[in-house]
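Please keep the sequence and the structure in view while reading.

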Amino acid sequence: MDRTDLSEPAGAHLVALFLDGDEDAMAVVYRQWRPLVHTLARRGLGDEREAEDVTQQVFLAAWRGRGGYRPGSGDLGGWLVGITRHKVADALAARTRRARALAAVGAQYETAGEPGPAAEPERAVDRLFVLGELSRLPSAQQRILRLAYYGDLTQTQIAARTGLPLGTVKSHMRRALGCLRESLRAQPLSATG
């Protein structure tokens with residue numbers, strides 16, 4: 001396909017190159033449609049930082065899903081607007097989930113008679129997520145990690161306190177951290193929504 005002029009508006013030539021996976025065409029599509037996508041995201045979310053994130057997500061989704069675009073069913077701009085609407089809805093839903101999780105953490109603090117996590121909401125949500133994942137571990141592994149991280153004990157001190165051999169403590173720690181690592185890869189912190 002001839003690539004003589006990619007500076008034109010999104011005509012059939014540009015769309016064809018984009019669908020073929022041409023990175024230069026993607027750059028042109030991004031430059032042409034980014035202002036509209038960003039404006040829609042900012043209006044929908046009311047937050048500049050989130051709007052920037054959603055804008056990036058829209059173009060990443062468009063690039064990855066370009067095989068699903070059908071030129072006969074609408075123009076490229078309309079397709080991008082549709083992706084934007086979905087990504088804004090996802091971001092709003094994630095925001096709601098984070099707010100609910102934060103409220104749950106606040107309720108836990110209230111019942112414990114401690115000050116709430118209002119100063120550091122993202123850390124509070126992350127802590128809630130980690131505690132949830134920790135509760136899924138076998139009890140021996142949970143105990144070892146709690147002593148290590150909340151009790152600030154070394155593996156040798158844990159072995160002395162629990163009566164377990166040091167090698168067993170190390171094995172429990174390694175397996176528990178491996179399980180937590182896999183859980184956190186599946187759902188990164190501060191993005192639990």
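Helices α6 and α7 pass each other in a right-handed crossing. In this predicted model, helix α6 covers residues 139-150, and helix α7 covers residues 155-162. Their axes come within 10 Å and cross at roughly 125°. The two helices are therefore oblique to each other. On the side of α6, the contact is made by Arg-143, Ile-144, Leu-147 and Ala-148, and on the side of α7 by Ile-158, Arg-161 and Thr-162. Sorted by class, these residues comprise four nonpolar, one polar and two charged.

Where does Leu-145 lie? Its place is in helix α6. Is Leu-145 buried or exposed? The relative accessibility of Leu-145 is 3%, and residues under 20% count as buried, so Leu-145 is classed as buried. Once neighbours within four places in sequence are left aside, Leu-145 is in contact with Leu-134, Leu-137, Tyr-150, Met-173, Ala-176, Leu-177 and Leu-180.

His-172 belongs to helix α8, which spans residues 166-186. With a relative accessibility of 14%, His-172 also falls under the 20% limit and therefore counts as buried. Leaving aside neighbours within four places in sequence, the contacts of His-172 are Ala-140, Gln-141, Ile-144 and Leu-164. Ile-144 has a part in the contact of α6 with α7 as well.

**The helices at the start of the chain**

Helix α1 (residues 12-19) packs against helix α2 (residues 23-45) at an angle of about 120°, and the axes are 8 Å apart. These two helices are therefore oblique to each other. In contrast to the crossing described at the outset, α1 passes α2 in a left-handed crossing. Which residues of α1 and α2 meet? From α1 come Leu-14, Leu-17 and Phe-18, and from α2 come Ala-25, Met-26, Val-28, Val-29 and Gln-32. The residues of this contact divide into seven nonpolar, one polar and no charged.

Helix α2 also packs against helix α3, with axes that come within 8 Å and cross at roughly 140°. Again, the pair α2 and α3 is therefore oblique. The crossing of α2 past α3 is right-handed. By class, the contact of α2 with α3 has twelve nonpolar, three polar and six charged residues.

| Helix pair | Crossing angle | Axis distance |
|---|---|---|
| α1 and α2 | about 120° | 8 Å apart |
| α2 and α3 | roughly 140° | within 8 Å |
| α6 and α7 | roughly 125° | within 10 Å |

**Two partly exposed residues**

Thr-39 lies in helix α2. The relative accessibility of Thr-39 is 22%, and Thr-39 therefore counts as partly exposed. From Thr-39 to Glu-52 there are 13 residues in sequence and 9.6 Å in space, C-alpha to C-alpha.

Gly-65 is found in the loop between α3 (48-64) and α4 (76-112). Its relative accessible area is 29%, which means that Gly-65 is partly exposed. Gly-65 and Leu-19 are 46 residues apart in sequence, while the C-alpha atoms of these residues are 9.4 Å apart in space.

**The chain as a whole**

How many helices and strands does the chain have? The secondary structure comes to eight helices and zero strands. From the N terminus on, the order of elements is accordingly written α-α-α-α-α-α-α-α. The chain has 193 residues, and 33% of them are buried. Of the contacts between residues at least 6 apart in sequence, 47% join residues at least 24 apart. The accessible surface of the chain is about 11600 Å², with 53% of this area belonging to carbon and sulfur atoms.

Key
Residues numbered from 1 in each chain as written. Predicted model: local features only at pLDDT ≥ 70, side-chain atom pairs only at ≥ 80, totals over all residues. Heavy atoms only, no water. Axes fitted to C-alpha atoms, helices over the stretch in contact; angles between N-to-C directions. Helix = DSSP H or I, 4+ residues; strand = E, 2+ residues; numbered from the N terminus. Parallel < 35°, antiparallel > 145°, perpendicular 65-115°, else oblique. Left-handed = near helix turned anticlockwise from the far one by under 90°. Contact = heavy atoms within 4.5 Å. Nonpolar A, V, L, I, M, F, W, Y, C, P; charged D, E, K, R; others polar. Buried < 20%, exposed > 50% of the residue type's maximum accessible area, 1.4 Å probe, protein only. Areas by Shrake-Rupley, 256 points an atom, 1.4 Å probe, with all protein chains shown as cover.
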